[in-house]
Amino acid sequence: LLAFILAWLLGPGGGIDGPQVDPRKFFDPDLLERASVYRSEGRLIAIASILLGPAVLAVLAFWRPAIVRSVFEKLGRRPIIGAAATGAGITVLLALVRFPLELIQFNRCRDYGLITQDFSGWLSDLLVGTLIGLVLAAAGAALAMWLWRRFRQRFWVAGSVLAIAYAVLITWLWPVVVSPLFNSFQTLPDGPVRQEVIRLAEGPEW
């Protein structure tokens with residue numbers, strides 16, 4: 001909600017006036033029109049994707065079909081393993097229901113020239129990302145269940161500590177463990193480009 005409010009305030013017509021720049025001075029009108037169409041379509045896809053996840057979770061939480069209730073009852077017989085399987089299963093389910101939207105967005109980006117990756121490479125990255133999410137969800141759900149069974153009413157305290165530790169750990173590990181699975185990183189050789197990047201990173205000289 002805070003991010004939405006800030007985006008509205010800082011955007012055109014918002015409560016905070018920023019520097020006014022006419023994009024027509026820098027870009028071709030046809031290109032601006034194309035960008036507007038891309039943004040409008042992308043907004044609809046993003047909204048649909050955001051709503052789809054909570055909708056699926058709401059169905060699982062409040063309106064469980066008979067087959068879902070049966071599966072949950074079987075998983076509940078072994079709480080820790082069942083929690084891990086539930087976390088992994090929900091991750092896979094969310095990936096499947098979002099796949100059509102992901103595919104549409106991929107094709108749009110290809111059509112607009114924003115990405116050059118082929119379908120097999122994109123699908124491989126999607127599968128790897130889903131697998132990573134599956135492992136994290138399974139481990140997190142199993143640990144959460146263990147904490148709840150161990151601490152009961154004080155579960156939220158242990159859970160909060162766990163969430164903070166996870167956030168710190170993943171911040172440090174993601175760039176060196178996960179990101180290389182999707183990208184190839186090389187050191188930028190010394191030269192004008194490197195010096196310019198360093199100058200920008202250091203910030204303006206006031």
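Me: What makes the contact between the side chains of E196 and R199 a salt bridge?

Reply: Bear in mind that this is a predicted model. The N to O distance for E196 and R199 is 2.6 Å. The cut-off is 4 Å between a side-chain nitrogen of Lys or Arg and a carboxyl oxygen of Asp or Glu, so the pair qualifies. Both residues lie in helix 7 (residues 192–202), three residues apart, about one turn of the helix.

Me: Why is R199 called partly exposed?

Reply: R199 has a relative accessible area of 47%. Buried needs under 20% and exposed needs over 50%, so R199 falls in between. E196 is at 35%, so it gets the partly exposed label too.

Me: How many salt bridges does the structure hold?

Reply: Two. Besides E196 with R199, E41 forms one with R108.

Me: How do you know that E41 and R108 form a salt bridge?

Reply: Their closest N and O atoms are 3.1 Å apart, and the limit is 4 Å, so the label holds. This pair links distant parts of the chain, with E41 in helix 2 (residues 29–62) and R108 in helix 4 (residues 79–111), 67 residues apart.

Me: Which other residues of helix 4 are buried, and what do they pack against?

Reply: Along with R108, the buried residues include G82, A83, A84, L94, L101 and F106. The buried residues of helix 4 pack against helix 2, helix 3 (66–75) and helix 5 (119–151).

Me: What span does helix 4 reach, and what is expected?

Reply: Helix 4 has 33 residues and reaches 47 Å from first C-alpha to last, close to the expected 48 Å. There's still a kink of about 45 degrees at F99, shortly before the proline P100. After helix 4 comes G113, with a positive phi near 75 degrees.

Me: Why is V176 called exposed?

Reply: V176 has a relative accessible area of 59%, and the cut-off is over 50%, so it's exposed. V176 lies in helix 6 (residues 155–178).

Notes. Residues are numbered from 1 along each chain as its sequence is written. This is a predicted model: local features need pLDDT of at least 70, side-chain atom pairs count only at pLDDT 80 or more; totals for chains, interfaces and linings use all residues. Side-chain values use heavy atoms; hydrogens and water are left out. Helices (H or I, at least four residues) and strands (E, at least two) are DSSP runs, numbered from the N terminus. Buried means under 20% relative accessible area, exposed over 50%, partly exposed in between (1.4 Å probe, protein chains only). The expected span of a helix is 1.5 Å times one less than its number of residues. The bend at a residue is the angle between axes fitted to the seven residues ending there and the seven starting there. Contact means heavy atoms within 4.5 Å.
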